[in-house]
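Trainee: Could you walk me through a few backbone and packing features of this model? I would like to learn how each one is read.

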Amino acid sequence: MNQKIKDITIIALFACILFVQEQILSFIPNVQITMLLIMVYTRVFKVTKTTIIVIIHVILDNLLNGSFNIVIIPAMFIGWELVVIVCGFIFKNTNNTIILALIAFALSFIYSFMFLITSKIFLNVDVITYIANDLIFTLIFALSSFISVLWLFIPLCNVLNNKIN
């Protein structure tokens, strides 16, 4: 198969999986495997393809949820792209699932912090009130990211490497 066609197909398929899983799990506040999938995609598909997947995901997510605005889009893109950068450059050779799960836990807080920054800049929200209202949801997100990476990162990487590459 032509490599460009294969790359386009992989990007489209895995952007779809990323988007759909988040929508399916949206009835449980902040429980998702988005962090896990972006970390796995970065490991398997590398930085460039994963960045394109993240761009597609951010656009689709904001279009569907009606949040296509200056507060949400930059926070989402920067937050998810930081995951790609950290996993694609800083921890690209780390295979210890506990370390990877701790990275996912920390990146969940950083991702959520991006929304605080844009909300403060564009909406002038009170920082303490924002943190107080968001802390439990961020903690849920961080815990679900930690657990999913701890249990599924290596098996998913192995499956994708065997089937795709």
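Trainee: Where does Asn30 lie?

Mentor: Helices here are DSSP runs of H or I with at least four residues, numbered from the N terminus. Asn30 sits in the loop between α1 (3–24) and α2. This is a predicted model, where local features need pLDDT of at least 70, side-chain atom pairs count only at pLDDT 80 or more, and totals for chains, interfaces and linings use all residues. Residues are numbered from 1 along each chain as its sequence is written, and side-chain values use heavy atoms, leaving out hydrogens and water.

Trainee: What is the phi of Asn30?

Mentor: Asn30 is not a glycine, yet its phi is positive, about 65°. Asn124, in the loop between α4 (97–123) and α5, is likewise not a glycine and has a positive phi of about 55°.

Trainee: Is Asn124 buried or exposed?

Mentor: Buried means under 20% relative accessible area, exposed over 50%, and partly exposed in between, with a 1.4 Å probe and protein chains only. Asn124 is exposed at 57% relative accessibility, while Asn30 is partly exposed at 28%.

Trainee: How do α2 and α5 cross?

Mentor: Axes are lines fitted to C-alpha atoms over the stretch in contact, with angles from 0 to 180 degrees between N-to-C directions. The axes of α2 (residues 34–65) and α5 (residues 127–163) come within 7 Å and cross at roughly 30°. That makes α2 roughly parallel to α5, a label for angles under 35 degrees.

Terms used
Helices (H or I, at least four residues) and strands (E, at least two) are DSSP runs, numbered from the N terminus. Angles under 35 degrees count as roughly parallel, over 145 as roughly antiparallel, 65 to 115 as roughly perpendicular and the rest as oblique.
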